[in-house]
Amino acid sequence: MDAAVPLAGAHDTHHHGPPEANRSSRVDPQLLGMLLFIISEIMVFAAFFTAYFFIRIVGENEWPARGTELPVLVAGVNTAILLSSSLTLHWAQTSVKNGNRFGLKAGMFTTFLLGATFLLVQVNEYVHIGFSPADHAQGSVFYGLTGLHGAHVFIGLLLLGVVTVRSFRGHFSKEEHRGLEIPGIYWHFVDVMWIVVYTTIYII
Amino acid sequence: MATTETPAPSSTAAAPPALPQIVAHKVERPNTGWTSWVTTTDHKKIGIMYLVLTFVFFILGGVEALLIRLQLAQADNTLLSPQTYNELFTMHGTTMIFLFVVPIWAGFGNYFVPLMIGARDMAFPKLNAMSFWMLLMGGIVFYASIFFSPPECGWTCYSPLSSSNYLPTSGVDAWIFLIHLTGISSLIGAINFYATIANMRAPGLGWGRLPLFVWTILTYSILLILALPVIAAAVTLLLTDRHFGTHFYDPSSGGSPLLWQHLFWFFGHPEVYIMILPGFGVVSEVLPVFARKPIFGYKAIAAATVVIAFLGLLVWAHHMFATPSPTIVLVFFMMSSFLIAVPTGVKIFNWIATLWRGTIEYKTPLLFSVGFIGTFLIGGITGVFLAIFPVDWQLTDTYFVVAHLHYVLVGGSVFTIFAGLYYWFPKMTGRMMFEGLGKTSFWLMLVGFHTTFFVQHAIGLDGMPRRVYEYPDVGNLELYNQISTVGSFILATGIGVTVFNVYRSLKKGPIAGPDPWKGNTLEWYTQSPPPANNFDSVPRIRSVEPMKDIRRQVARQGEPAEPQVPIASASTAPEQGLQPSSGG
Ligand code: HEM
Ligand SMILES: [Cu+2]
């Protein structure tokens, strides 16, 4: 490599090793990766909604299945719980940008609690709903879509758990909060997805 | 490790600019031997591992194909049991698609995308390693099923055949997990490619100067991101149907087997473009180099790639013409399938125009590329036949479809994979492959391929269904099938010659130097094989063919016309010449 030095001319003679990496996009690779991943997640949900469409619309099956009832109200309250977790998350995110550590910690902690509550209410709903995924295709779709979403809430909670612990340990600052930003995008996505699931499964 | 940068020893000579320093508490010794492979996050090593692994699967899938052809060499043959036969064609199709063609493009992409865009590595090196290992896991899970009961439902695993009523054995589950694991592998890989191409291009390398192979890998990634999640969801529903009593595909309880077909083919048709588009990219790189002429219609080819991908998402039901569907649906999918032939035709004309009046060098990569154009063209034409739904009603599920899909997949994907192998082998290993063996391999493969598959059009037109283990001795069926079997062994011999060629060239091949073909793109700017960090300096890109610019610049400075010198001067001298101020 040293042979290069006399030839290098305008080249920075002190710079050893590979050249500076060039950034050809203003978007962070991590952010871009998360957005692409979310697109793939939307496609997973789209496939499950196709199953819903085939069973409810194409197959002309009754919805919900004869003799069953969906707890629209409880699920509605649960929807409010999940949506407010997006607000508290937003609070945590703006707090860290303003250097407000209390807001960060309190925001993350409430977000985590709200998410966990949502999941518990959903499990409770499964226990009391009175039909199983094996009873009929409508049951399969119900558990399929809400279960798929629940699994996403669970993964989101794992991510938020890490972020919460980190914020209590003093991580993140005004300048450096990507570790909060990117799981946050995922969580907002999970929330928005729930609105679609709730509307299609419970309301229409 | 990127984080342990020690101050440069020679930096005391002049007043050094303050460099940020990271004190290394512990420097890990570089791994050597096999541990350097299993622990690597280097895109080139991962690329090589991809290529080797997928080629192993290619050989396995090939052996399965030969067994299939042996069974069919005689009417009413009893060589294989019907069950074994079903297992073989399922293993064959699944292996070739999920373990060979799709991931081998990830292998080429891994090795060459960072080099072609002047990057040091992929955007997420650790995830990249994970992609490879997930692929290996998928392959192991699937092939482990040969020790109990391989799946028997074909690569399409249609419901209800794949339900636990008809196939209670766990082979189908092995197939499902293969889809999950290779799917995660490809999905992570696709996100990685996209982020790499978006974020890490060399200075001046705008979208309008992106090498066409990189364009196709970008499109390949987008299609993977859109299509794979759908099949992943579909097989998850299949898994719960099989094991947890759900009824997604079960018509007796309100489910729908058509749901499977829609989900499968919404993935399945984009999948065929996932398998062919990077091949288009390879050909678009090889032709201008060996015709010694710029690619004709760079923008048209790049745009056609994207248009094909978009239309490819709208044609899936042409695989389902035989299912009960309203005529308007049939017409829609027929028209959209016709439409997709247009951008494909655009590409073919552009390639021919690239060759037109070129100074053609008949090297093996060029032969495979030209062989591809002719062969793929036939497959495209039979595709348009099949897209006419009344014709398809006659031909679906016959050997005509088998002929079509092999013309596009072997004549298309496999030939371009071989073109890529012969073209890039010198870059990856520092040695050329032997031309004589390469040409022998090409001609054997071309002749063997057409002998095997051309006659299958006739077999299909005579009405022989696909996926049957025996046939009666009526008409010319036995003769046709024998021709096909003979052809398959010629084809296999041709592939064997290339395997031998790789083996010999690794040890004895002529030394290649950095740029043996006088290439156009940036991978030829660095050593062969490239050093761990790829480039010591990255030039500013000013056109679609940066290497041509560099060679011209070097020639103008009175230096040797080719940068055949070691990397240090090869990479720094031209760069100096390329500074905007020193032009002229
Ligand atoms: C001009 C573009 C194309 C058209 C219009 C077309 C049309 C069709 C149609 C209508 C079928 C269904 C036949 C049937 O099952 O009855 C088919 C099957 C198939 N095509 Fe194409 N095709 C085209 C290009 C390609 C390409 C580029 C590839 C792959 C690289 C491909 C791979 C396949 C495969 C693998 C099948 C068989 C699927 C199975 O196992 O059932 N096709 N094609
Ligand atoms: Cu298709």
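Okay, which helix of chain B holds Ala458(B)? That residue is placed in helix α13, residues 435-461. Helices here are DSSP runs of H or I with at least four residues, strands are runs of E with at least two, and both are numbered from the N terminus.

Quick housekeeping. This is a predicted model, so to speak of a local feature we need pLDDT of at least 70, and side-chain atom pairs count only at pLDDT 80 or more, while totals for chains, interfaces and linings use all residues. Residues are numbered from 1 along each chain as its sequence is written, and chains are lettered from A and ligands numbered from 1 in the order in which they are written.

Back to Ala458(B). Buried, to us, is 20 or more other C-beta atoms within 10 Å of a residue's own, exposed is 12 or fewer, and partly exposed is in between, with C-beta atoms placed from the backbone. Ala458(B) counts as partly exposed because it has 19 C-beta neighbours inside 10 Å.

Now zoom out to chain B. It has 16 helices and zero strands, and 55% of its 584 residues count as buried. The C-alpha trace spans about 85 × 55 × 50 Å along its principal axes. The radius of gyration is 25 Å, which agrees with the value near 25 Å for a compact globule of 584 residues; that's taken over C-alpha atoms, and the rule is 2.2 Å times the number of residues to the power 0.38. For contacts, the C-beta atoms, placed from the backbone, have to lie within 7 Å. Take contacts between residues at least 6 apart in sequence, and 82% join residues at least 24 apart.

Over to chain A, and helix α2, residues 29-58. Its 30 residues reach 41 Å from first C-alpha to last, close to the expected 44 Å, where expected is 1.5 Å times one less than the number of residues. Its buried residues include Leu36(A), Met43(A), Phe48(A) and Tyr52(A). What do the buried residues of α2(A) pack against? In chain A, that's α5 (137-168) and α6 (178-203), and in chain B, α5 (171-199), α6 (212-243) and α7 (257-291). After the helix comes Glu60(A), with a positive phi near 50°.

Last one: Lys105(A), in helix α4 of chain A, residues 101-128. Lys105(A) is partly exposed, with 17 other C-beta atoms within 10 Å. Beyond neighbours within four places in sequence, it contacts Ser167(A) and Phe168(A).

How values were computed. Two residues are in contact if their C-beta atoms, placed from the backbone, lie within 7 Å.
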